[in-house]
Amino acid sequence: MSSASGPDAIASGPGSGLRGPQLSDFPWDSLARQTATAQSHPDGIVNLSVGTPVDPVPANLQRALSAVADQPGYPATHGTPQLREAAVAALRRRHGVSGLEPDAVLPTIGSKELVAWLPTLLGVRAGDIVAIPELAYPTYEVGAKIAGAEVVRLAPGEPPPAGTALQWLNSPSNPTGQVLDAQQLADSIRAARERGAVVASDECYLALGWDAEPVSVLHPSVCSDFRGVLAVHSLSKSSNLAGYRAGFVTGDPELVSRVLEVRKHAGMIVPRPVQEAITAALSDDVHVGVQRELYAARRAVLRPALEAAGFRIDHSQAGLYLWATRGDDAWQTVDWLARRGILVAPGTFYGPGGDRHVRIALTATDERIAAAAKRLGE
Ligand SMILES: Cc1ncc(COP(=O)(O)O)c(C=O)c1O
């Protein structure tokens, strides 16, 4: 008998014939050297490479979560009726969306998880195309690959090719902060419909418009017929709930109900205490306004400091990132900033077209943002 050890055993062992999705290395792992450089700064690292909230979870949302901590039973996949009604009311109040039925709201565990699994849940398969923005949040591509589909990157306004089953829109954009106006959104929906494609609009930065007012894909100025249109919402940024994993998807009642049916079988149910926190967050606009002001103030410090240090800021009318360039290769700029103790993401994480930009997040404390601005001026 041969010994079952060594590389040959692994290559021919159980599971060796299985092939998972062929994903590239996780982009942020490639920042290890620059992270170490930035950490060695005498005044510590200013980490602006990820968009993770740093301010406290609003006290009313913490209370809502803990008020329903005694939950021995399974929660409803569709969420509570109160959550669905709060989502419809919040979209109407905050973003002028009308004509939405509460049953067409489905809570999700965060929105990254939905983005990664939506193609699969909708039945996108090998041979289909998933169209994503030219510069895009990496999980759109991951979700397409999990479903075995092909990814096509589209320039703003470019129609999707034949064979497109799903098109992602993202306004305000991660990473560029670009905002699509109502006409551009309506044109995108029309072009996708001509191809028979579903449009999924990722609206997680909708509440964070600075120099432009972002509009929901479900706003009456964009479309009144929601067929084939989904809006994906996250509570992570507007309500500091990234740690709770809280979001929802809404829009076309038929598509939402198809996703709900699959999820009733497959799970990914939002825990009941988190459902309660989502309901509280969607019922209160005060904390959203407070958080907005914090980010506006950080942006007002960081943007001029970058410009004074020779950066040009492109787009960035909304959202939580500054899309910045000095005209150099993206990785050279990452290194330049790391030597000043500031860690940012190279634009190439979001697509080949980002090779001269870096993405700089506003998600750090006032103290760390001030430290970054000071270092840029030295
Ligand atoms: C464009 C975009 N969509 C979705 C997400 C996922 O957010 P979450 O999973 O926290 O809801 C992010 C996170 O940064 C994002 O930038």
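Here is a short chat about a predicted model.

Visitor: What does UniProt place at residues 45-376?
Guide: An unreviewed UniProt entry puts the feature "domain: Aminotransferase class I/classII large" there. The span is 38% helix and 17% strand.

Visitor: How far apart are its end C-alpha atoms?
Guide: They lie 13 Å apart.

Visitor: Now the ligand. Which residues come nearest?
Guide: Gly110, Ser111, Lys112, Ser234 and Ser236, out of 14 residues around the ligand.

Visitor: How does that shell divide into nonpolar, polar and charged?
Guide: It has 4 nonpolar, 8 polar and 2 charged residues.

Visitor: At what angle do α5 and α6 cross?
Guide: Roughly 35°, with the axes coming within 7 Å. The crossing is right-handed.

Visitor: Switching to strands. What is the order in the sheet of 4?
Guide: The order is β9-β10-β13-β12, in an open sheet with antiparallel pairing.

Visitor: Why is one side of β9 and of β12 left without a neighbour?
Guide: Both stand at the edges of the sheet, and each has a single partner strand, so one side of each has no neighbour there.

Visitor: How many bridges join β12 and β13?
Guide: They pair over 2 bridges, in the antiparallel sense. Pro346 stands opposite Val358 in β13.

Visitor: And which strands does α10 lie across?
Guide: Helix α10, residues 286-308, lies across β9, β10 and β13. It runs at about 0° to β10.

Definitions and conventions
Residues numbered from 1 in each chain as written. Predicted model: local features only at pLDDT ≥ 70, side-chain atom pairs only at ≥ 80, totals over all residues. UniProt positions renumbered as here; feature names shortened; annotations may be inferred. Near = placed C-beta within 6 Å. Nonpolar A, V, L, I, M, F, W, Y, C, P; charged D, E, K, R; others polar. Pairing = 2+ DSSP bridges. Contact = placed C-beta atoms within 7 Å. Axes fitted to C-alpha atoms, helices over the stretch in contact; angles between N-to-C directions. Left-handed = near helix turned anticlockwise from the far one by under 90°.
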